[in-house]
Amino acid sequence: MLSIKNLTASINGTPVLKGIDLDIKAGEIHAIMGPNGSGKSTLGKVLAGHPAYEVTGGEVLFEGRDLFRMAADERARAGLFMGFQHPIEVPGVSNASFLRLAYNKKAEAEGRDELDPLEFDDFIHEKIKLVAMREEFLDRSLNEGFSGGEKKRNEILQMAVLEPKLAILDELDSGLDIDALRVLGDAVNRLQRADRALLIITHFPRILETIQPDYVHVLSGGRILKSAGKELALELEERGYDWVLEASAAGGAR
Amino acid sequence: MSTTLNVVTSQDYKYGFVTDIEADSVAAGLNEEVIRFISAKKGEPDWLLEFRLKAYRHWLTLAEPDWANVHYPRPDFQKIVYYSAPKAKTPKYASMDEVDPELLRTFEKLGVPINEQASLAGVAVDVVFDSVSVTTTYKEKLKTFGIIFCSFSEAVKEHPELIRKYLGSVVPPADNFYAALNSAVFTDGSFVFIPKGVTCPMDLSTYFRINNKDSGQFERTLIVAEEGASVSYLEGCTAPQFDTNQLHAAVVELVALDQASIKYSTVQNWYAGDKNGVGGIFNFVTKRGLCKGKASRISWTQVETGSAITWKYPSCILLGDESIGEFYSVALTNHKQQADTGTKMVHIGKNTKSTIISKGISAGDSSNSYRGLVKVQPRAEGARNFSQCDSMLIGHTCSASTFPYIEVQNRSARVEHEATTSKIGEEQLFYFQQRGIPAEEAISMIINGFCKDVFRELPMEFAVEATKLLSLKLEGSVG
């Protein structure tokens, strides 16, 4: 589904990603972990096409297509979704109309029927149950005045509406209490299918108790230092990141 | 900066064509002879000629104001043509058949309904081309309600007593530089009179078109709503694309008696000049409403998207006790456009209320200022005002300023002012794009959300038009 080869990227001339290799197949769940400032959020933004980052080398294929030849909105319509760490607020634009426009853009790209406001109303009322969101949030302005948790709930609602092939979730757990984390974690699990993949970006292993990854990668200094199965998350929880960094430095291993 | 924030702003101006029509014009320049010529051409009574000459003599003593946050070459008043009319066999068209077909085609192209059969249901239109009113639709139907809706020139002839009573009663000829100029040389415009207790059954509308390259447009609009009457009035305007500047200096006066209500909506789309700021209309307009009677209400809604320079402050004088003034404004500037616009709410009567909602959007290299005065006079017991002025910047070479003036002379007054500035930046656009929404649609959605509080005050068809217009104006500023 996603194949990243020797990807390098910089922001304002400063290199942030220094050669990333990663393969994600359909049905897999990958977790990218690492200390703050390691470049893990950058990886998500580069894949999603954030304009502030410059891709300086490497290649990324998404479903066999050259990702960097597609505009950000094209990538989204092709099935690449990013759940934001800090979703923005947009006054005056109702959440429901934003969700419907996003849904219809994707439907249009896939040659499916677009939904009129009434049809969408039925559709979205089913979807909000999945994330246990209250109806009133549909009529409110997009993310405006939402708490941190409500914003994250809204991100997963958007994921449920768009049903992406690959969802990159950037720090889904930040700003969430235990109960909300469980609800959203369960929702993400229910959305996962054999033809879809997940890339979870997180600092804390806690979220990986609910969304269990097949692979865990430790990213630091713009490189993946270690990749292993889900047991690595537990080890990181117990021992922190330093031992991975030290082992990597001592072995010169990469 | 991303490519995205440089493209959504360069749609061509589609109303920029010139109608090739023979015009009956006076030579350029301004003196008492020109004023006498205009007055004679319109067959005006002596008192009106005196009104003009007095205004002119006062204007000579005034200096052009320079306090607004706009910069432009001062117009040369001796180079402007003060009277220009499409040539006709008869001075006033008796029927539509006598109107030059070229003129009819012009308005067809502009989408202005001047043929009653083909017109939008429920909107009566007065059409002003350069200095004259071409036609007014639904006049006969309105007459059965006692409503007068006609060109200003016609009103001077048919209803001189009303004109004499109200002309200059809200904006005196000596009010300001451009109001004095307008009072001296105004050529045509619309007159509306809604008699006591009548609710006007349809929206009334005036469509202004400047065609002549050297002419100025100086129209005069007067709307009077008697006790308990109400009316909704719409104004639209366009001009051809020239590389010189044309001056538009209108005066609009509204008078609302006891319990009367006037809603005045404008969608202003004068030619704004090109990307480099060459050409475009100088829009220097005085608009003021007098809430003369108890519990009267005047509401201004404006969507300002055109003109090279905009300088206008639709205002309300809240004289009657419990009267209400409202100002809802969206001002969009792009490229080299400059706008200094806002309102004045003068609270004189007791328990008067005013609301100001202003949304400024700047893109390109433009400059957009809100300037507003809220004044509470000593006997305005219980006066209340709420002001909200929001600015949105697109890109980083434009500017937005807010100049609120608040003068309160009564302790029981409550005045609230809120202001915000936001930016459509990369983060917002990226969020929309990440959900599969292309940049231009994203901007249009963000802008419409930003302007929602104003758009909902517009009549339905105008609101749809305004939404489209804003998107068009911003096309190309993000890319």
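Me: Which elements cover the buried residues of α4 in chain A?
Reply: This is a predicted model, where local features need pLDDT of at least 70, side-chain atom pairs count only at pLDDT 80 or more, and totals for chains, interfaces and linings use all residues. Residues are numbered from 1 along each chain as written, chains are lettered from A and ligands numbered from 1 in written order, and side-chain values use heavy atoms, without hydrogens or water. Contact means heavy atoms within 4.5 Å. The cover of α4(A) includes α3 (95-109), α5 (136-139), α6 (148-162) and α7 (178-191) of chain A.

Me: Which residues of α4(A) are buried?
Reply: Buried means under 20% relative accessible area, exposed over 50%, partly exposed in between (1.4 Å probe, protein chains only). In α4(A) the buried ones are A:Phe120, A:Ile124, A:Lys127, A:Ile128 and A:Leu130.

Me: How far apart are the end C-alpha atoms of α4(A)?
Reply: Helices (H or I, at least four residues) and strands (E, at least two) are DSSP runs, numbered from the N terminus. The expected span is 1.5 Å times one less than the number of residues. The 14 residues of α4(A), 117-130, should therefore span 20 Å, and the C-alpha distance agrees: 20 Å.

Me: What is the bridge partner of A:Ile4 in β2(A)?
Reply: β1 (residues 2-11) of chain A pairs with β2(A) in the antiparallel sense over eight bridges. The partner of A:Ile4 is A:Leu22.

Notes. Pairing = 2+ DSSP bridges.
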